[in-house]
Amino acid sequence: MRAASVNDIVTNGLCTGCGACESIASCEVLRMGLSPEGFMRPSLTGELSHETEERVLAVCTGRAMPHPPEADGPVHRMFGRILHMGRGHATDPEIRFRGATGGVLTALATFLIDCERVDGILQIGTASGNPMENEARFNTTREEVLACSGSRYGPAAPLRIVGKLLDEGRRFAFIGKPCDVAALRRMALTDPRIDRQVPYMLAMFCGGSPSIDATHNVVRRFGVDPSEVTEFRYRGHGWPGPTFVRTEDGRQFSQTYDETWYSGLRYELMFRCKICVDGISEHADVVAGDCWVMENGKPSHREAGDGWNIHIARTKRGVDLIQEAIAACYLHEEAFSVAELEAMHDDHALKKRSVFWRLMGLAVTRSPRPRYPGHRVVRAGLLEASPREAFAAFTGVISRLLKGRNHESPITAQSGAGSGQ
Ligand SMILES: Cc1cc2nc3c(=O)[nH]c(=O)nc-3n(C[C@H](O)[C@H](O)[C@H](O)COP(=O)(O)OP(=O)(O)OC[C@H]3O[C@@H](n4cnc5c(N)ncnc54)[C@H](O)[C@@H]3O)c2cc1C
């Protein structure tokens with residue numbers, strides 16, 4: 001069963017919050033904002049015609065997310081096409097320090113600007129006027145791009161301004177989550193300007209996107225009211241770097257990555273992230289993740305000094321970009337093997353092994369579900385998942401559905417009218 005309307009997508013928890021619908025329909029019809037559940041969701045600002053809604057649904061990854069067309073190169077059964085892979089970091093120490101990991105995405109973006117391959121970068125940054133929220137930014141200088149480095153584990157809708165940038169004739173690179181990049185690739189099927197004007201799509205590994213409650217609850221833990229916050233960082237300024245809060249009266253608080261994420265923080269992850277097929281961006285030209293320090297065969301999140309990324313090129317264009325950035329001394333790279341990737345990021349392989357069983361849970365409860373053609377879902381579920389993993393994935397999603405934990409508020413003129421970006 002597939003969602004039949006934008007409202008169906010949202011109410012059944014299938015929206016990723018990317019903002020493509022606002023770009024397609026225009027902000028006079030749909031506008032992204034924080035929903036009552038604390039996610040980026042569209043709300044109606046005008047009349048959504050049947051024709052416009054069909055155009056939105058043709059692109060929405062809440063409905064379908066086909067794998068990109070095959071190209072040459074080996075396809076790893078879990079981690080997708082790997083044309084080139086390495087571990088590395090930005091050579092610029094400031095970028096490396098301020099970046100989420102080793103600053104690879106920021107280094108590639110500044111390289112593209114400096115060598116005038118693009119006019120600018122479409123990416124996520126801190127919302128003006130609210131350091132705990134995010135907004136889509138079009139950046140044209142190193143300083144602007146650097147100011148947007150770091151991971152923002154909260155609602156973000158980077159594609160909401162892609163239509164405006166295309167209309168203005170801008171040529172730009174895009175940085176986003178895997179689902180954002182997949183939506184942009186899907187937009188390209190119906191809007192030929194994207195292939196001409198967006199030559200590079202870069203992504204980060206993504207384990208899921210929390211509601212704004214995660215950010216507010218981190219702040220409250222320090223005894224701070226969200227309204228008092230003037231600066232907020234989840235990580236970066238080290239690797240992974242502390243979660244950092246500054247208040248208007250100058251108080252500062254910080255805690256480690258593990259203290260933030262593994263000591264009972266209350267928040268909801270989007271339901272769509274629970275049934276995600278691709279946290280490692282098989283759609284990007286280049287995707288970057290953490291190259292965690294391994295301790296006793298497991299990734300450790302303890303502070304490890306200067307950051308190291310893994311970067312994977314999925315396309316020939318991505319391979320060229322990495323090699324040119326290395327040659328121009330923007331990027332340092334060392335060898336990294338598939339075996340190391342498998343050991344370090346088994347959480348993403350588990351996601352792939354589980355998604356078939358999660359989709360089965362949606363099917364038996366006759367709930368709308370996205371289609372993921374080409375993503376090796378059936379193979380991973382039937383041949384790779386252990387009985388225990390399959391059982392946990394299937395029953396986990398059924399239990400959520402029975403409790404209505406996928407349900408979100410319908411889109412109305414009022415819902416989502418909270419803070420915009
Ligand atoms: C929601 C989320 C989940 C993540 N899950 C994982 C994971 O499972 N495994 C893992 O290894 N790493 C994860 N990361 C961190 C990610 O690995 C690092 O961002 C990546 O290593 C890139 O590091 P970097 O130093 O090159 O990034 P930087 O050079 O600091 O650049 C980061 C880029 O990401 C963009 N960005 C930040 N937040 C968002 C957002 N919410 N939406 C869209 N764009 C954003 C910024 O605009 C910037 O361009 C996650 C990050 C996020 C935001």
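**Ligand shell and domains in a predicted model**

Reader: Which residues are closest to the ligand, and how many surround it?
Author: This is a predicted model. In it, 34 residues surround the ligand, and the closest are Gly-103, Thr-106, Ile-124, Gly-150 and Arg-152.

Reader: What does Thr-106 do there, in distance terms?
Author: A polar atom in the side chain of Thr-106 is 2.5 Å from a ligand oxygen atom.

Reader: And Gly-150, which part of that residue lies 2.7 Å from the ligand?
Author: A backbone N or O atom of Gly-150, and the ligand atom in that pair is an oxygen.

Reader: How much of the ligand does the protein bury?
Author: The ligand taken alone exposes 910 Å², and the protein buries 97% of that.

Reader: How do the shell residues divide by type?
Author: Twelve are nonpolar, 17 are polar and five are charged.

Reader: Switching topic. What are the domains?
Author: Domain 1 covers 6-67 + 347-402, and domain 2 covers 75-210 + 269-345. Their C-alpha centres are 22 Å apart.

Reader: How many residues does each domain put into the contact?
Author: Domain 1 gives 49 residues and domain 2 gives 45 residues.

Reader: What area do they bury between them?
Author: About 3900 Å², with 61% of it on carbon and sulfur atoms.

Reader: Backbone next. Where is the cis peptide bond?
Author: Between Trp-239 and Pro-240, with omega about -5°. Pro-240 sits in the loop between β10 (229-233) and β11 (243-247).

Reader: What about phi of Ser-26?
Author: Phi of Ser-26 is near 85°, which is positive although the residue is not glycine. Ser-26 is in the loop between α2 (20-25) and β1 (30-34).

Reader: Why flag those two spots?
Author: Because most residues other than glycine have a negative phi, and most peptide bonds are trans.

Technical notes: Residues are numbered from 1 along each chain as its sequence is written. This is a predicted model: local features need pLDDT of at least 70, side-chain atom pairs count only at pLDDT 80 or more; totals for chains, interfaces and linings use all residues. Side-chain values use heavy atoms; hydrogens and water are left out. A residue is near a molecule or strand if one of its heavy atoms lies within 4 Å of it. A polar contact is a pair of N or O atoms within 3.5 Å; within protein, one must be able to donate a hydrogen and the other to accept it, and residues adjacent in sequence count only if both atoms are side-chain atoms. Accessible areas come from the Shrake-Rupley method with a 1.4 Å probe; for residues, only the protein chains shown count as cover. Ala, Val, Leu, Ile, Met, Phe, Trp, Tyr, Cys and Pro count as nonpolar, Asp, Glu, Lys and Arg as charged, and the others, Gly among them, as polar. Domain bounds come from an automatic or database domain assignment. Contact means heavy atoms within 4.5 Å. Buried area is the accessible area (1.4 Å probe) that two parts lose on being put together, summed over both. Helices (H or I, at least four residues) and strands (E, at least two) are DSSP runs, numbered from the N terminus.
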